[in-house]
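Colleague: Before I use this model, I want to know what stands behind the words in its description. Take me through the terms one at a time.

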Amino acid sequence: MTTLFPENSLSARQSASFILAKRKPPIDKTEWNSFFDENGYLAKSRDFICVNILERGLHPGVRTEAWKFLTGYYSWQSSQDERLTVDSTRRKNYEALCQMYEKIQPLLENLHQNFTKTQNNIACDIQKLYDKDPLGNILVDKKRLEKILLLSYVCNPQAEYQQGFHEMVMLFQLMVEHDHETFWLFQFFLQKTENSCVITIGVGKNLDMLSRLIAILDPTFAEHLKGKGAGAVQALFPWFCLCFQHAFKSFDDVWRLWEVLLTGKPCRNLQVLVAYSMLQMVREQVLLEGMSGDAILLACNNLIDLDADELISAACMVYAELFQKDVPQPLKEFFL
């Protein structure tokens with residue numbers, strides 16, 4: 001058993017207080033541009049920028065460019081000219097992948113049952129997608145969205161298509177202008193968050209760590225979840241698969257949480273602390289009513305219209321609380 005470093009606890013508590021206090025507005029275009037020198041190299045450290053994103057967030061006007069750094073689309077050490085080259089290369093590579101896909105699509109449809117099944121699942125999900133804003137304006141092009149999802153599946157078979165990926169890609173399509181940007185940002189996002197949202201890679205690990213976290217921080221709740229509430233935690237896998245996107249009241253809240261997850265601040269695998277914070281929202285009701293696993297799951301699914309800043313702040317406070325405990329080595333390594 002080991003105790004984590006207290007100075008990190010202080011940093012997490014400070015971040016939580018800054019988020020709630022909203023001492024400064026989000027990083028806007030003017031401030032973002034001030035982070036670069038005359039050649040387009042970052043004059044501020046990656047750590048400085050990521051901490052500011054955690055504590056303040058990004059203005060919509062800089063989100064697209066900032067996300068290209070956060071996901072790895074751009075190198076943090078690149079110049080403006082190098083980034084222009086990267087954009088051009090990614091566009092050409094995307095066009096080449098599209099041409100390849102068009103050539104092999106008939107073969108895939110005839111010879112691979114899994115492809116046909118996935119193709120049908122994507123088409124069904126796209127068909128059900130509500131693609132209009134409150135005024136009835138079309139938000140996204142469903143055909144382009146379907147193409148990106150199919151290409152993503154063919155190029156990245158390890159990250160099998162999951163129901164809900166269509167909604168995730170839609171959020172990327174709303175953020176950027178071009179299809180190649182949507183495609184590559186989604187690929188890099190999956191790589192960065194595979195321990196969270198890819199069901200065949202990291203979701204099981206997250207659920208296991210969530211159970212361990214509850215046992216350490218809330219033994220009473222953990223005991224109930226092992227007994228009458230058995231199975232509830234394991235059934236929360238959609239939270240991780242979809243990076244909590246159904247829990248928020250706006251797209252801006254979803255983007256806000258996702259960009260914090262991408263910063264790696266205040267720790268790695270913050271998504272587990274987010275899930276713990278959400279479970280704490282239903283804890284009192286669960287224990288008071290002696291809820292079973294199915295009832296707990298229903299209560300969790302009813303957690304909607306959440307505020308991202310409040311949830312991120314709560315997760316930071318959980319991280320700070322974790323530092324005051326004796327933490328088993330596997331859990332410590334998971335977050336540090």
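Colleague: What makes you say that domain 1 and domain 2 are in contact?

Modeller: Contact means heavy atoms within 4.5 Å. By that rule, 24 residues of domain 1 touch 30 residues of domain 2. The model is predicted: local features need pLDDT of at least 70 and side-chain atom pairs count only at pLDDT 80 or more, while totals for chains, interfaces and linings use all residues. Residues are numbered from 1 along each chain as its sequence is written, and side-chain values use heavy atoms, with hydrogens and water left out.

Colleague: How do you know how much area is buried between domain 1 and domain 2?

Modeller: Buried area is the accessible area (1.4 Å probe) that two parts lose on being put together, summed over both. Here that gives about 2,400 Å², with 69% from carbon and sulfur atoms. On the side of domain 1, Trp-32, Trp-255 and Leu-262 lose the most area to domain 2, together 28% of what that side buries.

Colleague: Why is the pair Arg-63 and Glu-259 called a salt bridge?

Modeller: The term requires a side-chain nitrogen of Lys or Arg within 4 Å of a carboxyl oxygen of Asp or Glu. In Arg-63 and Glu-259 the closest N and O atoms are 3.0 Å apart, so the pair qualifies. Three salt bridges are counted between domain 1 and domain 2, and the structure holds 13. Glu-259 lies in helix α14 and Arg-63 in helix α4 (residues 60–71), so the pair ties together parts 196 residues apart in sequence.

Colleague: What makes a helix here, and which one gives the most to the side of domain 1 that touches domain 2?

Modeller: Helices (H or I, at least four residues) and strands (E, at least two) are DSSP runs, numbered from the N terminus. The protein has 18 helices and two strands. α14 gives the most to that side of domain 1, with nine residues.

Colleague: How do you know whether the radius of gyration agrees with a compact globule?

Modeller: The radius is taken over C-alpha atoms, and the globule rule is 2.2 Å times the number of residues to the power 0.38. For 336 residues a compact globule would have a value near 20 Å; the protein has 21 Å, so the two agree. The C-alpha trace spans about 55 × 55 × 45 Å along its principal axes.
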